[in-house]
Amino acid sequence: MLVTHEREKLINAILYFAHNTRYLGKIKLFKLLFLLDFEHFRQTGRSVTGLEYRAWKFGPVPVQVMQEWDDPEPDLAAAISIQPEKVIDHVRETVVPRVPFDDSHFTRRDLRIMDELVAQYRDTYSPTMIDVTHAENGAWAKTWQDGKGMNEPIPYPLGLGDDSPSRDAILEIASEYEAIRKHHVRPMLRLPKPRRGVTYQPRATPWVCSKTAPSPERA
């Protein structure tokens, strides 16, 4: 599958929350990712993970992660496991890390925001997280509109306060970044394991392989 820098950040953000919070089921993870991305957008005009969120009854849902939940892509499956856990009257699908968190993909701002979210919600249960993302006049509420906006995308700019002194500047930065992202950023491919006599060379897209002569020592 295509492996982008944002994909690496998404997987490692999930790992960070899995290593550093308790009761991390599907709902709590979705809320933490939403809070991370929208807070980062408020500060910089861009999200951390590049995820699109849609308005569902119980809050914002990251479409890509939801689609992978029952059948994750190999890179996500290698990083975490989803383990059913009986909790009173329901079963929580708990996110359990398989590998360590890698902070090399993140800026200091990214890490600071994640640290702040962990400090605030480390021991919080999912119902409380629902209340947080359902805040009146928040991005989810403005999109949901008592059900009229069911499954509609939640635009990142809705997370900016109308009276924010930096609103116009952030929106301008967001517009410029999106233009660059669409026209200049190309995704990377995760290359297959090299085989004897075959090398992989990058072209525009996709990556292609070409035959090479075997090494004299191994011929």
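Reader: How many residues does helix H2 have, and what distance does H2 reach from its first C-alpha to its last?
Author: Happy to start there, with the reminder that this is a predicted model. Helix H2 covers residues 26-44, and at 1.5 Å a residue the expected reach is 27 Å. The model comes close to that expectation: H2 has 19 residues and reaches 27 Å.

Reader: Is H2 largely enclosed by the rest of the structure or largely open, and how many of its residues are buried?
Author: A residue counts as buried when its relative accessible area is under 20%. H2 is largely enclosed by the rest of the structure, because the number of its residues that are buried is 14 of the 19.

Reader: Which residue follows H2, and what is its phi?
Author: Good place to look at the backbone. The residue that follows H2 is a glycine, and its phi is positive. That residue is Gly45, with phi near 85°.

Reader: Where is His40, and is it buried or exposed?
Author: His40 has its place in helix H2. Its relative accessible area is 6%, and the cut-off for buried is under 20%. His40 is therefore buried.

Reader: Which side chain makes a polar contact with the side chain of His40?
Author: Let's go through the surroundings of His40. Leaving out residues up to four places away in sequence, His40 touches several residues, including Val48, Arg109 and Ile113. A polar atom of its side chain also lies 2.8 Å from the backbone oxygen of Arg46. The side chain that makes a polar contact with that of His40, at 2.8 Å, belongs to Asp110.

Reader: How many aromatic pairs are in the whole structure, and what kind of pair do Tyr16 and Phe17 form?
Author: A search of the whole structure finds 12 aromatic pairs. For Tyr16 and Phe17, the ring centres are 6.0 Å apart and the planes stand at 70°. Planes over 60 degrees apart count as edge-to-face, so the pair of Tyr16 and Phe17 is edge-to-face.

Reader: Which parts does the pair of Phe38 and Tyr53 tie together?
Author: Phe38 and Tyr53 form an edge-to-face pair, 6.0 Å centre to centre with 70° between the planes. Phe38 lies in helix H2 and Tyr53 in strand S2, so the pair ties together parts that are 15 residues apart in sequence. Both residues are buried. The parts tied together are H2 and S2.

Reader: Which residues form one aromatic cluster with Phe38 and Tyr53?
Author: This cluster takes in Phe38 and Tyr53, the pair that links H2 with S2.

Reader: In what sense do S2 and S3 pair, and over how many bridges?
Author: Strand S3 covers residues 59-62, and a hairpin of two residues joins S2 to S3. Ala55 stands opposite Pro60 in S3. The sense of the pairing is antiparallel, over four bridges.

Reader: Which residues does Pro155 touch, not counting residues up to four places away in sequence?
Author: Pro155 sits in the loop between helix H7 and helix H8, and at 39% relative accessibility Pro155 counts as partly exposed. Its C-alpha is 9.1 Å from that of Trp140, 15 residues apart in sequence. The residues touched by Pro155 are Phe38 and Thr143.

Reader: What percentage of the residues of the protein chain count as buried?
Author: To finish with the whole chain, its secondary structure comes to eight helices and eight strands. Its accessible surface is about 13200 Å², with 53% belonging to carbon and sulfur atoms. Of the 219 residues, the buried share is 37%.

Terms used: Residues numbered from 1 in each chain as written. Predicted model: local features only at pLDDT ≥ 70, side-chain atom pairs only at ≥ 80, totals over all residues. Heavy atoms only, no water. Expected span 1.5 Å × (residues − 1). Buried < 20%, exposed > 50% of the residue type's maximum accessible area, 1.4 Å probe, protein only. Phe/Tyr/Trp six-rings, centres within 6.5 Å; stacked < 30°, edge-to-face > 60°. Pairing = 2+ DSSP bridges. Areas by Shrake-Rupley, 256 points an atom, 1.4 Å probe, with all protein chains shown as cover. Contact = heavy atoms within 4.5 Å. Polar contact = N/O pair within 3.5 Å; in protein donor to acceptor, adjacent residues only side chain to side chain.
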